[in-house]
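Reader: I am new to this structure and would like to learn how to read its features. Please take them one at a time.

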Amino acid sequence: MSENKSEALANLSNETRRFDPPAELAESANVKADAYDRASEDREAFWAEAAERLDWGRKWDQVLDWSNPPFAKWFVGGTLNAAVNCVDRHVDAGNGDKVAIHWVGEPADDTRDITYAELKDEVSKAANALTELGVEKGDRVAIYLPMLPETVIAMLACARIGAIHTVVFGGFSSDALASRVTDCDAKVIITSDGGYRRGAPSSLKPAVDEAIEKLGEDSPVQKVLVVRRTGQDVEWNDDLDVWWHDAVDGQSTEHEAEMHDSEHPLYVMYTSGTTGKPKGILHTTGGYLTGTAYTHWSVFDLKDDDVYWCTADVGWVTGHSYLVYGPLANGATQVMYEGTPDAPHKGRWWEIVQQYGVTIFYTAPTAIRTFMKWGDEIPAEYDLTSIRVLGSVGEPINPEAYVWYRSTIGGDKAPVVDTWWQTETGQIMISPLPGVTSGKPGSAMKPLPGIVADVVDDDANSVPDGSGGYLVLREPWPAMLRTLWGDDQRFKDTYWSRWPGLYFAGDGAKKDDDGDIWVLGRVDDVMNVSGHRLSTTEIESALVSHPKVAEAAVVGAADETTGQAVCAFVILKESATDDEGTADDELIQELRQHVAKQIGAIARPRQVMIVPELPKTRSGKIMRRLLKDVAEHRDVGDVTTLADSTVMDLIKDKEGSGSSSED
Ligand code: PRX
């Protein structure tokens with residue numbers, strides 16, 4: 001474990017604050033302490049009971065088939081329809097008038113309340129439209145949309161007809177979209193003319209046009225369905241492009257939903273791994289819906305009259321599990337907001353909380369730290385007393401941010417659930433239960449009932465309390481990924497090969513003296529910037545694709561607001577250096593922009609340093625650990641394994657010479 005990890009461990013063990021569940025919440029909690037015992041006595045029976053929360057066309061014959069690990073099958077033989085579970089059944093139960101989504105557009109007063117009955121009609125119409133466009137069960141549909149009601153409707157319409165959606169975050173570039181569309185062979189792309197961001201319309205459709213042009217004759221895309229959001233001018237290709245309103249509005253609201261096999265693929269979500277090529281995480285229907293519905297109900301203690309708000313973008317897994325499938329399967333009322341927290345003012349989120357009386361609020365530590373920086377006086381202007389449970393996700397939450405969140409947003413009473421999970425796990429895995437757990441700021445505490453997580457050493461031995469190691473999962477769980485799209489071998493190699501029978505999550509963690517888990521962050525070449533996963537290798541390849549770059553190394557350096565920030569060290573081709581052998585600021589900006597263009601703005605390096613050499617071992621492996629020391633302004637650690645021990649002096653000289661650039 002690296003020096004800074006050990007330092008973090010030492011700091012964390014000084015944390016002694018505890019926050020007990022509020023008595024009233026504990027009293028009426030959906031899940032009480034007995035759930036842990038029940039689940040460990042019979043895990044499969046526990047998950048079968050959770051699956052009963054859903055409506056099944058045909059009940060399963062077998063809860064779990066784990067005869068061919070790591071390929072799991074859950075609720076084998078069962079059939080269900082995810083869209084029916086998320087929408088129709090609530091209408092059938094008499095809750096058609098309940099608001100499913102309070103949609104809040106970024107421009108003031110641009111709102112839309114959508115009831116479950118309306119959502120049912122819209123999803124049915126969209127399902128009919130997709131069928132008319134030639135989309136069939138098993139086909140892939142790429143969804144590249146901002147936070148619009150149509151985004152949710154499109155996802156559910158795909159699920160309804162058994163088409164597999166792959167939502168690509170709207171902040172990703174046309175290149176990233178093109179590679180995902182190719183990888184999963186998407187027949188249709190659903191997009192919009194644009195969306196509102198920080199008070200102005202921003203465009204989206206041009207990126208789709210670019211992606212399709214790039215794919216050229218190999219493009220699998222037969223239709224592009226375009227939602228009109230901003231009304232801005234768009235290029236139009238009559239052979240390909242269809243307006244959403246032309247295709248959907250005139251459709252019938254009747255749509256007979258087929259019951260799909262429990263293991264029928266629901267979606268593919270691409271996420272960064274340790275190589276340049278994103279991985280298509282495959283989730284299927286019955287287990288995924290069981291896992292997300294159960295955890296959304298238990299971890300947030302969801303009640304009928306709650307108003308829930310998850311601020312995550314639908315383009316990430318949190319948006320899939322805890323904005324779309326979990327909450328809607330539970331028939332919740334939720335808020336969905338199109339814009340950024342500072343548009344048109346820095347109190348916008350709290351204004352929305354006040355306006356809709358939000359009771360459960362789920363966001364990321366990076367947002368919490370940003371609000372801390374903006375100052376307590378901003379949330380203090382709003383009535384936040386409706387909030388009763390707070391959630392955190394995406395990266396470790398530092399104790400200061402946790403305590404601020406609890407006191408300033410949660411009125412010193414709302415428990416904070418720090419939820420650890422991943423795109424791969426599909427559902428929350430380690431988290432406090434708000435009516436049971438005495439929370440410790442900074443700790444995700446214990447695996448949820450039905451989940452078996454552990455921290456192990458290099459030899460897969462469970463570490464004793466008080467020690468650190470690698471976070472693993474010992475038993476399959478319902479919402480687990482089933483494979484990587486089109487790459488079973490990579491699925492096995494990435495997650496299951498380090499220790500036989502264990503799922504390796506890629507995170508380091510510590511068990512404290514009580515056995516509670518503190519997740520410390522990635523131990524592989526994956527960065528976590530504002531709760532978003534980025535691969536060092538992917539950014540390195542983007543940099544090297546620039547004609548002036550010879551070699552690049554990227555590290556995630558600690559950052560006060562974003563958790564980690566992208567720092568790049570770049571060696572230029574000789575032809576690209578000027579007379580003095582240094583590059584100017586313009587080139588640095590060009591390189592930063594190049595990465596944003598290749599991958600998306602979230603990957604734009606905070607800092608690019610032009611260096612003459614990179615530190616390498618004798619076998620040629622870049623020693624990122626040393627670069628991280630430089631990026632984090634620390635004394636450089638052990639250099640004895642470097643092929644050339646003077647390299648770090650050259651790099652450190654550069655650090656002070658102004659060849660870096662920050663926003
Ligand atoms: O490193 C962990 C971190 O985010 C990674 C998963 O990223 P992604 O698949 O993009 O999913 C993010 C939303 C679930 C994990 O491997 N992570 C996520 N939640 C936490 C966390 N680290 C610490 N504490 C958390 N609560």
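Reader: What volume does the second largest pocket have?

Author: This is a predicted model, in which local features need pLDDT of at least 70 and side-chain atom pairs count only at pLDDT 80 or more, while totals for chains, interfaces and linings use all residues. Residues are numbered from 1 along each chain as its sequence is written, and side-chain values use heavy atoms, with hydrogens and water left out. On a 1 Å grid over the protein atoms alone, a pocket is an open set of points where a 1.4 Å probe fits, with protein on both sides within 12 Å along at least five of seven lines. Grid points are joined across faces, edges and corners, and a volume is the space filled by probe spheres set on the points. The second largest pocket has a volume of about 260 Å³.

Reader: How many residues line the second largest pocket, and which lie nearest its centre?

Author: A lining residue has an atom within 4 Å of a point. There are 15 of them here, and His90, Asp304, Ala329, Asn330 and Gly331 lie nearest the centre of the second largest pocket.

Reader: Which element supplies the largest share of that lining?

Author: Helices (H or I, at least four residues) and strands (E, at least two) are DSSP runs, numbered from the N terminus. The largest share, four residues, comes from α5. Both α5 (82-95) and α11 (286-299) supply at least two residues each.

Reader: How many residues of each class are in the lining of the second largest pocket?

Author: Ala, Val, Leu, Ile, Met, Phe, Trp, Tyr, Cys and Pro count as nonpolar, Asp, Glu, Lys and Arg as charged, and the others, Gly among them, as polar. The lining has seven nonpolar, four polar and four charged residues.

Reader: Which residues are closest to the ligand?

Author: A residue is near a molecule if one of its heavy atoms lies within 4 Å of it. The ligand is surrounded by 17 residues, with Asp418, Thr419, Thr423, Asp507 and Arg533 the closest. A backbone N or O atom of Gly394 is 3.1 Å from a nitrogen atom of the ligand. In the side chain of Gln422, an N or O atom lies 2.9 Å from a ligand oxygen atom, and a polar side-chain atom of Asn528 is 3.4 Å from an oxygen atom of the ligand.

Reader: Is Trp420 buried or exposed?

Author: Buried means under 20% relative accessible area, exposed over 50%, and partly exposed in between (1.4 Å probe, protein chains only). Trp420 has a relative accessible area of 7%, so Trp420 is buried. Its place is in the loop between β20 (416-419) and β21 (453-456).

Reader: What does the side chain of Trp420 make a polar contact with?

Author: A polar contact is a pair of N or O atoms within 3.5 Å; within protein, one must be able to donate a hydrogen and the other to accept it, and residues adjacent in sequence count only if both atoms are side-chain atoms. The partner of Trp420 is the side chain of Asp507, at 3.0 Å. A plain contact means heavy atoms within 4.5 Å. Not counting residues up to four places away in sequence, Trp420 touches Asp507, Val519 and Leu471, among others. Trp420 and Val519 are 99 residues apart in sequence, yet 7.8 Å apart in space, C-alpha to C-alpha.

Reader: Which side chains does Asp454 join by a polar contact?

Author: Asp454 lies in strand β21 and counts as buried because its relative accessibility is 9%. Its side chain has a polar contact of 3.0 Å with that of Arg474 and another of 3.0 Å with that of Lys511.

Reader: Is Arg618 buried or exposed?

Author: Arg618 counts as exposed because its relative accessibility is 63%. Arg618 is found in the loop between β30 (607-610) and α20. The C-alpha atoms of Arg618 and Ala643, 25 residues apart along the chain, are separated by 4.6 Å.

Reader: Which residues of helix α18 are buried?

Author: An α-helix has 3.6 residues a turn, so residues three or four places apart point the same way. In α18 (residues 536-544), Thr536, Glu538, Ile539, Glu540, Ala542 and Leu543 are buried. They pack against several elements, including β28 (549-559) and α19 (585-598). Ser535 caps the N-terminal end of α18, with a side-chain oxygen 3.2 Å from the backbone nitrogen of Thr537.
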